[in-house]
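Please look over the sequence and the model shown below.

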Amino acid sequence: MKFKRKNILAKKLLFLDGLSGSGKSLITPILTSLNNSEFYLYDHLFDEILILLENKKISFNGAQSLLKTHADMNMYNIMLGRNVNFRATDHSGVYYGMLKNKFDKRLNLKDGKQIIKSIYKDGKWLPIITHYVLPYFKNLKKIFNDRKLLFVSVARDPIYLINSFNKNDWEKKIISNPKDLTLTYIDKFSKFNPWYFKGINQNMSFIEKYAEYVLKYFYFQKNFEKKNHHIIYYENFVKDPKRELSKLYKIIGYETIITKKLLKKFELPRKIKKSDTNKIILPDVINNNNKLKKKIINTYENYLKNID
């Protein structure tokens, strides 16, 4: 039996991806406040299905049927204010995105055909936040071959990302913290690893493996197709957010009152300290791995060419 979905509600899907510490939680609410975008969703199912598909743990038909159905379900539910996060401190919530009043009104909408009509009439993008899965985006193109897709990935100084991951002790969080829900696997040493360490030298330390994935991610970010993929450089966005947003006006729409409020809330634009982008300081274990250190510095120097 082959599953197939006939109808389409979410005709335009906007996928926003980035590594930990890249600035997604700052950029996402601002970007999706543009007038042709819906509120953003943190739906881990999209990450997980892509990871399972890439590792041949689920069939393509199974992945496609789940994600198409889920995308449409998300679009319908968000129009009703259903399954929306009202926690005041969560980055995935309507308070953080300054849209509580809008969703208070949606909670009183009547369920039914008028919601579907509104979805078709508005024709907005459904933004879905993903994590680390840019290298697997090629599968999203195949899965949603009947819909319009836009991929946005957030980039940031790779040395900062590696140091931030190390400083925040993500190894302990991912492996030992029960509330962390990252997909993991067991390597030949019977140690747990996050899914994105697959294919990386198992003899390396945790932070060395993460650094290797950062390099892999940057490679895909640079070489992913240009037509439907837009890179937002964190440093450029912070210094001149309106200029960076203007590059997507024709696609996602124009600034709203919420956009202006969010820029004020996050104190943007603001200057980036020179010390934030000109120091090459790495964890000791990486400093002792000359080959890896050289690759990181090369990636870092190439990255700086994109920063104004």
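Does glutamate 54 count as buried, partly exposed or exposed? At 28% relative accessibility, glutamate 54 is partly exposed, where buried means under 20% relative accessible area, exposed over 50%, and partly exposed in between (1.4 Å probe, protein chains only). This is a predicted model, in which local features need pLDDT of at least 70, side-chain atom pairs count only at pLDDT 80 or more, and totals for chains, interfaces and linings use all residues. Residues are numbered from 1 along each chain as its sequence is written, and side-chain values use heavy atoms, with hydrogens and water left out.

Glutamate 54 forms a salt bridge with lysine 138, the closest N and O atoms being 3.4 Å apart; the term means a side-chain nitrogen of Lys or Arg within 4 Å of a carboxyl oxygen of Asp or Glu. Because lysine 138 lies in helix α6 (residues 137–143) and glutamate 54 in helix α2 (residues 44–54), the pair ties together parts that are 84 residues apart in sequence. Helices (H or I, at least four residues) and strands (E, at least two) are DSSP runs, numbered from the N terminus. Lysine 138 is partly exposed too, at 38%.

Lysine 295 and glutamate 212 form another salt bridge, with 3.2 Å between the closest N and O atoms. Here lysine 295 is in helix α15 (residues 290–304) and glutamate 212 in helix α9 (residues 206–223), 83 residues apart. Glutamate 212 is buried at 17%, whereas lysine 295 is partly exposed at 32%.

Strand β7 (residues 229–233) has five of its five residues buried, so the strand is largely enclosed by the rest of the structure. His229, Ile231 and Tyr233 point one way, and His230 and Ile232 the other.
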